[in-house]
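The following note sets out, in numbered points, what may be read from the model shown below. Please keep the sequence and the structure in view while reading.

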Amino acid sequence: MATTEECRRALDTFAARLARADGGVRAAAGHDRTVSCHVTDLDVTFTGSLADGGLRLLDQADGPPRERAQVRLAMTGDDLVALVAGELDFARAWATGRVRLEAGLRDLLRLRSLL
């Protein structure tokens, strides 16, 4: 089982990749949106924002998200680490319920290039 620190490192890695991305990927992250990622097996939530073409992690708290973010993800720590490592396909994980993503339709359309 992935640890909280491994999940944080995975999110930091994703943020770093996003910062180096070009074109449509950076444009998808260019709209100001609040983000939460609830790691269900660890019962910890990471929150942050997508803005200026990047992801900025702001906080980490025990339990489910305290506030409703505009983009909400939920998954196990192992799935988070596997997604960032490229070992788990996001679309397949979402379709099978391993990853939950809640966002407005416009955000979902923008985010497909990120995930």
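1. A residue is called buried under 20% relative accessible area, exposed over 50%, and partly exposed in between, using a 1.4 Å probe and protein chains only. By this rule, buried residues make up 41% of the 115 residues in the chain. The model is predicted: local features need pLDDT of at least 70, side-chain atom pairs count only at pLDDT 80 or more, and totals for chains, interfaces and linings use all residues. Residues are numbered from 1 along each chain as its sequence is written, and side-chain values use heavy atoms, with hydrogens and water left out.

2. Helices (H or I, at least four residues) and strands (E, at least two) are DSSP runs, numbered from the N terminus. The chain has five helices and five strands, and their order along the sequence is α-α-β-β-β-β-α-α-β-α. With contact taken as heavy atoms within 4.5 Å, 60% of the contacts between residues at least 6 apart in sequence join residues at least 24 apart.

3. In soluble globular proteins, nonpolar side chains tend to be buried together. A nonpolar core is a set of buried Ala, Val, Leu, Ile, Met, Phe, Trp, Tyr and Cys residues joined through side-chain atoms within 4.5 Å. The largest such core here has 27 residues, and L73, M75, L80 and V99 have the most contacts inside it. At least two of its residues come from each of α1 (4-20), β1 (33-39), β2 (44-51), β3 (54-62), β4 (71-75), α3 (77-85), α4 (90-95) and β5 (100-103). The element that gives the most is α1, with five residues.

4. Helix α1 has 17 residues and reaches 25 Å from its first C-alpha to its last. The buried residues of α1 are C7, A10, L11, A15 and L18. They lie on the same side of α1 because they cover an arc of only 135° around the axis, the arc being that of the directions from the helix axis to the C-beta atoms.

5. Which residues of α3 are buried? They are G77, D79, L80, A82, L83 and V84, and what covers them includes α1, β1, β4 and α4. Leaving out residues up to four places away in sequence, L80 touches C7, A10, L11, C37, V39 and M75. Just after α3, G86 takes a positive phi of about 80°.

6. H38 lies in strand β1 and counts as buried because its relative accessibility is 12%. Apart from neighbours within four places in sequence, H38 is in contact with D43, V44, T45, G63, P64, P65, L73, A74 and M75. D43 belongs to the loop between β1 and β2. Although D43 is not a glycine, it has a positive phi of about 50°. D43 is partly exposed, with a relative accessible area of 36%.

7. S49 lies in strand β2 and, at 13% relative accessibility, counts as buried. Its C-alpha atom is separated by 4.4 Å from that of T34, 15 residues apart along the chain. Not counting residues up to four places away in sequence, S49 touches R33, T34, V35, G54, L55 and R56.

Key
Expected span 1.5 Å × (residues − 1).
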